[in-house]
Amino acid sequence: MSETVKDTVIRIIAEQAVLDVSDVTPESTLDDLGIDSLGLVECIFAIEEAFDIQVPFNANEPTESDFDISSVAAIIRAVEGLVAEQPA
Amino acid sequence: MKRVVITGAGTINALGHDVPQTWDAMANGRCGIGELNIRDVERLSIRIGGQVRDYDAEDHFNRQQIALYDRFTQFTLLAAKQAIGQSGLKFSGDLAARSGVVLGTSGGGLTTQDENYRVVYEEGKNRVHPFVVPKLMNNAACSHVSMVYNLKGPSFTVATACASSNHAMGQAFQFIRSGMAPVMVTGGSESMLCFGGVKAWEGLRVMSKDACRPFSANRNGMVQGEGAAVFVFEEYEHAKARGADILAEVVGFAMTSDAADIVMPSKHGAARAISGALRDAGLSPEQVGYINAHGTGTAANDKTECAAVADVFGAHADKLMISSTKSMHGHLIGGTGAVELLACLMALRNGVIAPTIGYEEYDPECSLDVVPNEAREAKVDVVLSNAFAFGGLNAVLALRRI
């Protein structure tokens, strides 16, 4: 079976945080995982490449973007939403 | 130590094709930022910039010259022509042998690189124009200025990202102050508004899609600009002896490195550069009336810069004026400090403080007099110009009215 959106996002975040996939839980925040602003921009780039989507994110106003980055679960939900909006 | 004065200034940027036009735009808070007119703009998500408008290289240069002059070199030569023309200097003999050119740029001939990568990668051709290398190299502009004006002394190019021009002008200042050179042509240039240049910046996600609003709570990033500004720095006695019109005196310079982060600025590094420039000039903080801010319009820069200014100036921070003219001409990256020095000259010479336009909402983290939206008449005796580069390299100049 192919990787789910959740699995892919967690894999990308774990890789960025240099952690095992099992250490990245949906409740984790990027802060908990030690991912800084530059790491976040790299995660978003990897997510865009993996799903061929455009993530609306501006590093100047991270909390005001439509893309919720408050936790790993929030990021997964946001990516699932963007993937669902993709034309088939 | 010798005293150093400015006896010529020239520019081409989004606000105008010379100094009077640029000062007029700054004094009227006019914005030079608009929709980008470049190849493949539809593939960009950032489509605005401070582009030089109504410009045709063929109006200024012949075919052989254009084959050798990248856009950043063209801008440099046009600005240098105005500056050296204003100074009235002709370089020959000993003056030529000892006078040089130090310029800042970050991308150099980026347009030339972009165009030629297309040729080989996109169009699949296996041959490029023979002058690609001499056209794209970062020192091309410096070398062409030295050739056109017979400047045979210390000459080179400085590349420290957004601080390139300030580092260059600081070097020129020190060469004259030390007695090494009587005259230095200095400043900087940038022409990064090509597809690859904008696309690379997009990647960092720090660019605004609509406007550059430094210090405003609703700011959402930087906007790129392009152009050049060039100045003639001259030893004071040399300038006085020939009755030159002196625009301002350069009195101090300092540079520091944050040694911390490749993109996030540090308050301490910025503060050390500001206080270092004051110390170098023998000035007290209370003497400073205006600061031309680095003021990029990013969340990170503006609050860090305001905190650094507050640290250095204490209670006087609330009395001085600080504005970011990037709101009008955009961020010229390696050329930005040079164009911004024009706002410093306008303050000292004309008593007009350029505004920070696009200012809409108070930000408690940028709680200084940022001269919002409208220029102000004020007599100031001492001004600073800040530049804080990616990579944590900071360079601050101090100028005085004369």
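Contact, as I use the word, means heavy atoms within 4.5 Å, and by that rule 14 residues of chain B are in contact with eleven residues of chain A. A word on conventions: this is a predicted model, in which local features need pLDDT of at least 70 and side-chain atom pairs count only at pLDDT 80 or more, while totals for chains, interfaces and linings use all residues. Residues are numbered from 1 along each chain as its sequence is written, chains are lettered from A and ligands numbered from 1 in the order in which they are written, and side-chain values use heavy atoms, with hydrogens and water left out.

Let me turn to the interface. Chain B and chain A bury about 890 Å² between them, 46% of it on carbon and sulfur atoms, where buried area is the accessible area (1.4 Å probe) that two parts lose on being put together, summed over both. Of the area that chain B buries against chain A, B:Arg205, B:Asn220 and B:Ala299 supply 60%, more than any other three residues.

Which side chains meet in a salt bridge? Those of A:Glu48 and B:Arg205 do, at 2.5 Å, N to O, and the rule (a side-chain nitrogen of Lys or Arg within 4 Å of a carboxyl oxygen of Asp or Glu) finds one salt bridge across this interface.

Finally, the backbone of chain B: B:Ile333, although not a glycine, has a positive phi of about 50°. B:Ile333 counts as buried, at 1% relative accessibility, since buried means under 20% relative accessible area (1.4 Å probe, protein chains only).

Definitions and conventions: Buried < 20%, exposed > 50% of the residue type's maximum accessible area, 1.4 Å probe, protein only.
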